[in-house]
Amino acid sequence: MATRYFSTTGAGTQDGTSWDNRTPIFSGAGWGPVLTGFNFSGDGMLALVGPGTYAITAAMSTATFSIAPIASGNLIIHGCDSAGNPLSPPDPNWTADMPVWDDSNLPVFHTTTNIITFSAVPHTSFRLIKCTATANNSSVISYGVFNCLVDWCSITNGFNSTTAKGLIGVTSSSVITNSIVRMTGAQYDYGIGASQFDIVNCQIIGNISATGGDRRGIECTATTESFTAVNCLIKNHGGAGIGTSLSQAAEKFAVISCTITNNSGDGIQTGLQAGKTGRHIFLGNTITNNGGYGINSQASSNILAFDNRLRDNVSGNFAGFLNFPTGIGNYATDSDDSSEYVDANAGDHRIKYGSTIWGSGYGVSEECPSAAASTVNIIDPLSRSIPGV
């Protein structure tokens with residue numbers, strides 16, 4: 001794989017073959033020729049992008065390239081420091097229920113126009129990149145394609161629009177991991193839209209004061225396929241933490257070892273469709289302080305929900321389960337945030353050491369019995385016990 005070096009301005013020969021000869025990745029009204037003219041049919045590219053803010057005014061799409069990335073010629077866009085060295089994760093021990101990691105050293109792709117910054121480019125991945133948008137009434141990143149990765153990225157859409165989104169992922173071989181998605185506008189649709197897409201160890205944070213749009217954390221966009229969310233924090237959304245606007249019999253998704261808290265709607269809401277054939281699986285989640293139900297199946301779903309911690313959901317913990325059980329391992333005894341989370345007000349939603357539910361496998365991770373506050377015990381969803389049993 002060829003390595004090319006990019007920055008806000010060029011240096012040396014500007015052919016991108018070294019940091020001393022770095023080239024602009026975006027210049028004027030378009031993406032730079034070293035990137036767009038690369039022959040991906042013959043090789044892949046590791047594009048190392050230096051610090052600074054890049055004002056993006058044109059979407060990157062397959063049409064951007066003379067020869068677009070392919071399976072044997074991937075494009076990897078990766079942050080680097082001011083000497084051209086690839087960035088490393090800011091906190092390798094971070095779990096999504098801890099306070100947000102520091103994204104201040106990441107290169108920033110910023111758009112103030114109504115474009116999707118990275119729009120459905122196949123075989124293209126992003127690592128240690130920050131994307132921000134203030135006029136985007138669609139998504140900041142769209143992965144309506146295959147073989148893509150978003151890892152250790154920070155994505156914020158601050159536009160006020162009922163159709164504003166953070167990221168859309170709709171293919172089975174794509175994944176977002178270790179990332180932060182923020183929706184800060186007064187109106188928005190959802191943080192992540194998912195179908196055939198894996199979401200692992202991510203924070204999806206909303207604007208609890210937003211007044212327009214569906215305002216969900218994760219939106220199920222599938223009609224016949226599924227997504228999986230594992231070890232994620234989904235918090236402060238004006239609608240459901242996880243939900244859908246679809247009414248499809250084959251809709252299905254899995255939510256495992258996530259913490260879903262302080263959303264104005266249901267914690268998890270499945271689609272309204274009688275006679276579901278698609279099965280939903282919810283295991284080991286902590287679902288608290290939501291304005292609707294903890295899990296709302298809307299009397300329609302084929303649903304398995306075991307070993308979850310639910311409390312303080314305004315409408316109740318379960319709704320619409322028909323003849324599916326709600327009592328196997330699901331723990332709903334009353335408590336509060338200060339008793340069960342390390343420090344919810346500071347954004348630390350790890351399960352507190354010494355609490356009643358510690359050691360039971362609920363949520364993303366647990367505080368270890370150690371003086372090191374950064375030490376965590378990541379949940380193994382296959383080994384849980386019921387408190388008091």
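Me: What percentage of the 389 residues in the chain is made up of buried residues, and what makes a residue buried?

Reply: This is a predicted model, in which local features need pLDDT of at least 70 and side-chain atom pairs count only at pLDDT 80 or more, while totals for chains, interfaces and linings use all residues. Residues are numbered from 1 along each chain as its sequence is written, and side-chain values use heavy atoms, without hydrogens and water. Buried means under 20% relative accessible area with a 1.4 Å probe, counting protein chains only, and 55% of the 389 residues in the chain are buried.

Me: Why is the chain called as compact as a globular protein of that length?

Reply: The chain holds two helices and 37 strands, these being DSSP runs (H or I, at least four residues, for helices; E, at least two, for strands). Its radius of gyration, taken over C-alpha atoms, is set against the globule rule, 2.2 Å times the number of residues to the power 0.38. The chain has 21 Å, close to the 21 Å of the rule for 389 residues, so it is as compact as a globular protein of that length.

Me: What makes a set of residues a nonpolar core, and which residues have the most contacts inside the largest one?

Reply: Such a core consists of buried Ala, Val, Leu, Ile, Met, Phe, Trp, Tyr and Cys residues joined through side-chain atoms within 4.5 Å. The largest has 59 residues, and Ile77, Phe109 and Ile199 have the most contacts inside it. Its largest share, three residues, comes from β5. Apart from this core lies another, of 11 residues, including Leu87 and Trp152.

Terms used. Buried < 20%, exposed > 50% of the residue type's maximum accessible area, 1.4 Å probe, protein only.
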